Structures are given as structure tokens and as C-alpha cells.
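These are my notebook entries on the model shown below. I set down what I looked up, one topic at a time.

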Amino acid sequence: MAEVLHDHFALHAMGDGRVAWSPILLVGPAGIGKTEAARWLAARLSLPFRVIDMASTQSSSPLAGSESFWSNSEPGVVFEQLAYQPLANPVIVLDELDKTDQQRPYDPLAALYTLLEPRSARDFIDLSIRDFAIDASHVNWIATANSIESISAPLLSRMTVLHVQAPTPEQVAHIARQMYGRMRAESPWGSGFAPTLDDQVLDKLKNLPPRTLGLALKRALGRAARDERDHIRVCDLPALGSSPRKAMGFVA
């Protein structure tokens with residue numbers, strides 16, 4: 001992905017200097033950190049960032065808004081990002097694009113055929129606000145998928161498809177540092193914990209899939225809080241191997 005982005009950045013540096021790239025589709029096994037990589041990129045570039053879970057999307061309204069005749073009509077993510085954020089080139093992630101249910105009465109992917117084409121995106125109209133068009137051609141799109149088999153050819157033709165390999169342990173350790181820092185920054189209890197993770201803790205975390213890092217860190221922070229400590233120890237981490245599922249029960 002770095003090579004593709006460098007090409008786009010170099011091209012735009014010759015023009016207006018804005019941060020922009022053509023729509024990208026990251027394809028790879030589940031849980032290897034595709035969405036986290038997009039989040040990291042947006043943070044490094046200081047761009048607004050939103051994730052849309054395409055697997056649970058029932059229509060195109062999360063992207064393009066809902067018709068104004070509905071009582072609960074509201075704008076979509078694209079309009080919200082362009083109208084209420086200070087920058088017009090946000091990063092919008094279409095998470096699990098290959099799991100979108102296209103058999104629904106309202107195609108969840110319908111708006112993408114307009115939004116992923118710069119020429120048509122310049123005159124994008126949100127369905128809840130049809131009085132004027134907005135320029136959505138500067139939105140930076142990143143989609144994620146486990147495979148491309150269920151994605152239509154017209155959509156694939158609008159994106160640069162990049163196959164992502166599982167991160168190395170060193171890269172997972174870096175992701176863990178970033179995730180821990182974001183937890184501290186975004187949580188009301190964050191300032192109560194040390195600014196960095198111990199090396200021994202990182203050595204254990206780097207063997208986890210990126211998808212499970214967040215849960216492991218949250219559990220470890222909770223255990224540290226129970227012991228009134230400001231840092232995580234290795235013993236705070238949940239068991240890293242697979243274990244039998246425990247039954248849940250209730251007692252009087």
C-alpha cells in the first residue's frame with residue numbers, strides 16, 4: 001500500500017498538495033489489521049476518519065442518506081463528513097465489503113457506483129437533502145475484504161486491489177503501542193495509566209492477531225485497575241491460547 005500511496009502523494013504534490021488517493025481495496029485474511037492500518041494512516045495524516053460496517057448495512061442510506069419522506073430521514077456519512085468536518089478529504093473505510101448483502105430490496109452498494117467515480121462524485125446528492133449537490137470527489141476511500149469473489153466487477157474496476165499479508169510480530173507490537181496510546185487518549189480513565197507498555201507485555205502481545213489486541217488490552221487494563229496499578233503486567237493479559245468456552249450460569 002505504501003508504494004501506491006507514495007505515487008498518489010507525489011502526483012498531488014505537483015499540483016495543489018492535498019492528500020488524496022484513488023479508492024483502495026485491501027484484501028486479506030480476517031483479523032490481520034486491515035481496518036487498523038487505515039485508522040493509523042488517517043491519524044498520521046490528520047484526516048477525519050469514519051468506518052462503515054458494510055456487513056450489517058441494509059441499504060445505501062448510511063452512505064447517501066435516507067429519503068426525506070421518511071419520518072426518521074437523516075443525512076449519510078459522506079454528507080456529515082463534508083459538512084461538519086474541517087477538511088473535505090476524509091478517510092472513509094468500507095469495512096467487510098465482500099460481506100455486503102446485495103439481495104436486500106435496497107442495494108447497500110448502489111451509492112458507491114457514483115461516489116467511487118471522481119467525475120460523478122463532484123455532484124453528489126444526499127437523498128435527505130436534495131436541494132443542492134456537494135463535491136465528494138476528494139473523499140479518500142479504503143475498502144476491506146477477505147476475498148474479491150463476491151464483489152462485482154464494476155466495483156472492482158473502480159478500486160486498486162491490494163493483497164495484504166499478515167503482519168510480522170514486530171508490526172503487531174507497533175500496532176499494540178498505537179492502540180494502547182489511543183485508548184489512553186480517548187478514555188476518561190486513560191490518564192491514570194503509564195504512557196507506554198512494558199517490553200515484556202509487548203513481547204506477549206505481538207503473538208496475537210491484531211483483531212484481538214483491543215480486547216486483550218482492555219481486559220488487562222481492567223485487571224490493573226482492580227489492583228490499583230498504573231501499568232499492565234504480563235499476568236494481567238488473558239490467556240493467549242485457545243481455551244474451552246466456559247458455561248454461564250446464575251446463582252441466587
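**Entry 1: the pairing of β3 and β4.** Strand β3 (residues 91-95) and β4 run parallel and are joined by 4 bridges. Here two strands pair if DSSP finds at least two bridges between them. Strands are DSSP runs of E with at least two residues, helices are runs of H or I with at least four residues, and both are numbered from the N terminus.

I noted the source of the model: it is predicted, local features need pLDDT of at least 70, side-chain atom pairs count only at pLDDT 80 or more, and totals for chains, interfaces and linings use all residues. Residues are numbered from 1 along each chain as its sequence is written, and side-chain values use heavy atoms, with hydrogens and water left out.

**Entry 2: β1 and its two partners.** I turned next to β1. Strand β4 (residues 140-145) runs parallel to β1, and 4 bridges join them. L25 stands opposite A143, and L26 stands opposite T144. With strand β5 (residues 160-163), β1 also pairs in the parallel sense, over 4 bridges. The partner of L26 in β5 is L162.

**Entry 3: the whole sheet.** In what order do the 5 strands of the open sheet stand? I read the order as β2-β3-β4-β1-β5, with parallel pairing. β2 (49-53) and β5 stand at the edges with a single partner strand each, so one side of each lacks a neighbour in the sheet. Neighbouring strands are turned by 20° against each other on average, direction ignored. Axes are lines fitted to C-alpha atoms, for helices over the stretch in contact, and angles run from 0 to 180 degrees between N-to-C directions.

**Entry 4: the faces of the strands.** In a regular strand the side chains alternate between the two faces of the sheet. I checked this topic in β4, where 6 of its 6 residues are buried. Buried means under 20% relative accessible area, exposed over 50%, and partly exposed in between, with a 1.4 Å probe and protein chains only. N140, I142 and T144 lie on one side of β4, and W141, A143 and A145 on the other. Strand β1 (residues 24-27) is likewise covered on both faces, with I24 and L26 buried on one side and L25 and V27 on the other.

**Entry 5: helices.** Helix α4 (residues 77-84) lies across β2, β3 and β4, and runs at about 170° to β2. I then looked up helix α2 (residues 34-45) and helix α8 (residues 169-186), which pack at an angle of about 65° with their axes 11 Å apart. The contact (heavy atoms within 4.5 Å) is made by E36, R39 and W40 of α2 and by H174, I175, Q178, M179 and R182 of α8.

**Entry 6: helix α10.** Helix α10 (residues 210-226) has 17 residues. Its buried residues are P210, L213, G214, A216, L217, A220, L221 and A224. I found α8 and α9 (199-205) among the elements that cover them. After α10 comes E228, whose phi is positive, near 60°.

Note on methods. Expected span 1.5 Å × (residues − 1).
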